[in-house]
Amino acid sequence: MKLKVKPVVRGLSVAFGGLMIVSANAQQQPQVQEEVVVTGTRIRTPGAESPSPLQVITSQEIEATGAVNLQDVLLLNPVVGAPTIARTNSTFATASSGVATVDLRNLGTSRTLVLVNGRRHVAGIPGDSAVDLNAIPADFIERIEILSGGASSLYGSDAVAGVVNIILKRNFEGLALDASYGQSGEGDDTRTKVSATWGASLAGGKGNVMLHAGYSRQGSVFARDRDISTTDNIPTAFLTGEAADIQSLGLTSPFYSSFAPQGRIFINPGVSSASRTFDAQGNIIPWSTNGPAGDGVGATGFNRQAFRALAIPTERYLLAGTAEYEFAPNHRAFVEGTFAATNTKAELEPFPLDPSDSVNGIYPATGVIPAEFRYNGQLLKNPVVPQGIYDLLTQRNDDGALVYSFSRRLTEIGNRGATNDRDTFRILPGIKGAITANWDYEAYAGYGQTKESQVSGGQVNVLNFKNALEAIPDVDDLNGNGNTTEAICLDANARAQGCVPISIFGFNSITPEAAKYVQAPSLLQSFISQKFIGGLVTGEPMMLPAGPLGVAVGAEYRKEYSRSEFDALQQAGLNAGNAIPRTEGDFDVSELFGEVKVPLLKDAPFAKSLSVGGAARWSDYSTVGNTFSWNAGLEWAPISNLRFRFTGAQSTRAPNIAELYTPPSQDFPSVIDPCEGVTATTPGATADACRADPGVAANIAQNGAFTLNQADLQGTSGFDKGNPNLQEEEGQSYTLGLVFTPTGVEALRNTAFTLDYYRIKIDDAIVTTPTQFTLTQCYGGDTSFCQFVQRRQAAVGANSAGSISRVDTTATNSGGVETEGIDFTASYADRVGPGRLNARFSYSYLIDGFVIPLPGSEKDYFAGEIGAPEHRWNLALGYAWNAFGVNFNFSYIGESSIDDQFLSEFGLPRDSVKIGSKFYTDMQLTYNYKKAQFYFGVDNLFDTSPPQFDTNGLIPVSVENTSTGAATDAGVYDAIGRRWYLGVRMAL
């Protein structure tokens with residue numbers, strides 16, 4: 001399964017909500033006095049516990065990972081799914097490359113709500129609600145609380161899968177410094193980190209101020225430097241059509257790109273076999289993509305893997321601050337603010353130019369380029385066209401001119417890539433205090449914004465390129481027979497604007513002057529803003545026999561705005577790349593919410609405590625109107641060390657700006673053509689539907705069976721668009737669990753266990769219909785989907801007749817998503833031998849998970865697939881004695897299967913092709929000396945290698961996406977390998 005918005009998953013989850021494990025012998029920090037904040041309730045009561053499954057990651061645990069980025073910390077937790085965007089899977093992103101997101105339960109980043117101190121944070125991706133974790137300094141965090149299950153009634157839209165609440169440090173006094181350096185075992189992926197945190201009391205303890213400054217840089221990693229990704233390849237099954245080749249995950253290598261830097265010239269356009277190219281000396285030779293050829297020319301294709309970045313270099317400057325001051329007895333003013341400047345640079349191979357592309361090519365109508373032009377009634381040969389090529393041409397256009405076509409890798413223009421500068425700013429002032437002895441209040445206002453400026457290189461202005469291709473002899477030098485080698489551009493206006501004739505014939509044939517004329521750097525400017533104001537009152541209006549009645553009521557108003565705008569050429573698709581129009585939109589929402597907790601029994605037989613609670617939220621959106629969400633829960637402790645908990649909730653998610661307002665934007669999906677291999681006599685509805693297409697029928701007539709060549713397999717276009725008629729989606733979630741702390745058993749008195757079952761179901765889910773599903777429905781299913789499919793009716797350039805030119809898709813409320821599972825955690829902390837042992841085990845068992853793309857359609861499973869394994873766990877161990885400490889993180893990713901929809905295209909059942917489990921070990925050693933702690937760590941200690949897939953991303957392995965160029969799913973598995981770091985922390 002491959003969706004752009006992740007599916008809802010059913011699962012059983014075990015989570016621990018009480019015991020926090022600290023790393024072994026963590027360096028003593030300046031004393032912190034903290035007010036307890038509990039995610040999952042807004043009611044402030046002593047000793048409050050979350051009624052929902054809650055997992056806690058402490059600042060000491062963050063330190064024990066040695067992580068530079070908060071995303072790397074969260075990915076160790078089994079409830080966190082494969083990230084939609086990370087520095088290892090966003091090289092090919094047209095925007096937001098290097099952003100770091102979080103995705104609970106593999107339900108999509110848009111269904112995971114990220115909070116800071118219980119309040120919203122501005123998004124990091126235009127049109128979306130996903131927060132860029134690069135903007136939050138890990139060293140300024142006190143703890144992270146991960147709440148499973150729907151929480152919209154407490155925190156608003158987007159909390160369908162759950163909440164990640166990041167709690168910042170408070171009341172910090174002193175100065176803490178941290179500096180580290182590291183790199184991979186291959187000498188790349190260098191990392192540098194420096195940070196300082198300072199805090200002090202004010203006015204005799206009435207206030208506190210804290211400031212943080214940090215810098216980090218993570219270096220690049222290239223695919224060419226890892227064994228599994230050095231060379232372009234393709235799944236063998238795409239060439240043979242045999243299911244056995246999918247079952248063995250066989251790869252054919254090399255399988256180079258047919259867009260080469262010396263050019264591929266089609267001397268008989270429409271017949272891919274009639275093509276020529278050039279050797280290093282400029283001689284004309286036959287084309288042979290992968291070699292060796294019978295004529296002995298060898299491989300003439302292009303290895304893209306030599307240029308592709310596997311991990312994007314990311315540089316961050318971080319500033320953060322908080323302050324509180326008691327301006328009157330029991331009344332405090334507070335403010336928190338963050339600023340992050342992030343720079344990323346994605347790099348990949350030079351641009352592949354296809355002048356016959358039907359959407360954004362240079363000659364989209366005919367797909368052919370004249371080799372001569374009529375001037376003053378006379379046909380004049382373009383002097384740039386080599387005579388040897390000219391002599392091979394036979395086809396003529398309506399003007400009588402000889403024509404050709406070509407494909408070429410534009411190495412002279414430079415590598416493609418994008419440099420992103422993102423600035424994220426957030427400030428939140430407020431006041432809080434006590435109204436009476438039993439009632440508290442809090443009021444706050446927040447503003448956040450994210451600005452992104454992106455400059456992309458390697459692309460060309462197709463209008464200028466067309467002018468440069470159309471050259472004639474210099475008319476001032478023409479002799480009687482018009483035979484001259486000097487070339488000028490045919491169009492006089494183009495000449496006046498600096499047109500320089502261009503040669504695409506041979507290596508390095510494009511001159512610097514011609515490259516300057518045709519190159520067209522792409523520019524993107526995006527802006528996101530978030531404004532909100534809110535307040536709540538919480539208290540205990542009355543005392544019941546079992547304890548106080550807890551109540552919280554409040555209101556919030558929020559306005560979201562997003563704008564994303566490329567330059568004019570990119571918007572029109574005139575730079576030969578994706579056509580991406582301007583996207584702009586906003587919405588606002590007014591909300592009222594309330595929560596109540598009612599204690600029913602206390603210190604009664606079989607009821608040490610028993611309470612029920614509930615919450616509700618009414619929202620009025622400017623886009624979808626009124627929505628209502630609620631939750632209800634029960635907590636029962638029959639004895640003091642055993643507590644059962646149950647919650648049921650209805651959550652809502654309103655469509656985001658991109659889902660509503662995105663105009664048709666070009667994409668290049670990987671698909672399997674259901675018509676491949678169909679003959680004139682192949683039986684079945686799919687074959688009948690294929691033969692009904694004239695282009696497919698012509699292909700079958702020519703080849704005997706519908707046949708695709710390499711160019712057809714390596715690129716299909718399409719347009720994705722939003723839908724302003726979308727409505728909110730509703731999710732129902734249920735959790736049932738227990739917390740067991742066997743303090744009465746001596747051997748287990750410092751142990752805690754949690755076990756939770758969860759089920760999440762989303763109705764009217766907002767989904768972008770998968771392109772493969774669209775094709776499957778069109779050919780042998782629901783023919784209404786054929787309106788989104790376009791095929792070439794004749795051979796054009798390197799592409800065959802009948803090949804797919806584009807598959808479009810749009811967002812709808814037609815989906816359903818469901819997931820079910822169990823989470824289990826066990827924690828232990830006590831003295832063992834001469835030192836202290838800390839341990840925490842987290843395990844997630846995914847029972848079921850699927851998407852229903854359309855009502856009545858078959859389930860598209862993701863449970864058990866790569867990125868959503870049935871079994872996943874993490875074990876964190878820390879041991880400290882005297883000045884020494886050691887920490888281990890053991891992570892297990894269970895056996896996983898290839899996408900079920902992909903397998904069905906080869907007649908294979910679900911779970912029939914599996915990938916073995918992977919086990920990773922991270923280690924950190926520490927030594928304390930006076931006020932300093934020295935540390936040394938190794939991630940992926942045993943250099944566990946990832947599973948190998950194709951480099952084109954044709955096998956849709958992950959529930960979220962594949963990583964083109966990585967030859968694996970780099971969002972799930974470690975594609976970099978063993979890496980080490982060392983550093984020092986100081987507390988002054």
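Modeller: A disulfide joins Cys-778 to Cys-786, with an S to S distance of 2.1 Å. This is a predicted model, in which local features need pLDDT of at least 70, side-chain atom pairs count only at pLDDT 80 or more, and totals for chains, interfaces and linings use all residues. Residues are numbered from 1 along each chain as its sequence is written, and side-chain values use heavy atoms, with hydrogens and water left out.

Biologist: Why is the contact of Cys-778 and Cys-786 called a disulfide?

Modeller: A disulfide is a pair of cysteine sulfur atoms within 2.5 Å. The S to S value here is 2.1 Å, so Cys-778 and Cys-786 qualify.

Biologist: What makes this disulfide right-handed or left-handed?

Modeller: The torsion about the S-S bond of Cys-778 and Cys-786 is about 105 degrees, so the disulfide is right-handed.

Biologist: Why is Cys-778 called buried, and what does Cys-786 count as?

Modeller: Buried means under 20% relative accessible area, exposed over 50%, and partly exposed in between (1.4 Å probe, protein chains only). Cys-778 has a relative accessible area of 2%, so Cys-778 is buried. Cys-786 is at 27% relative accessibility and therefore counts as partly exposed.

Biologist: How many disulfides does a search of the whole structure find?

Modeller: The search finds 3 disulfides. With the bonded cysteines numbered in sequence order, the pairing is 1-2, 3-4, 5-6.

Biologist: How do you know that Cys-489 and Cys-499 form a disulfide?

Modeller: Their sulfur atoms are 2.0 Å apart. The S-S torsion of Cys-489 and Cys-499 is about -80 degrees, so this disulfide is left-handed. Cys-489 lies in strand S27 (residues 487-489) and Cys-499 in the loop between helix H8 (492-496) and helix H9 (512-518), so the pair ties together parts that are 10 residues apart in sequence. Helices (H or I, at least four residues) and strands (E, at least two) are DSSP runs, numbered from the N terminus. Both Cys-489 and Cys-499 are buried.

Biologist: What is the handedness of the disulfide of Cys-675 and Cys-690?

Modeller: The torsion about that S-S bond is about -90 degrees, so the disulfide of Cys-675 and Cys-690 is left-handed. Both Cys-675 and Cys-690 are buried.
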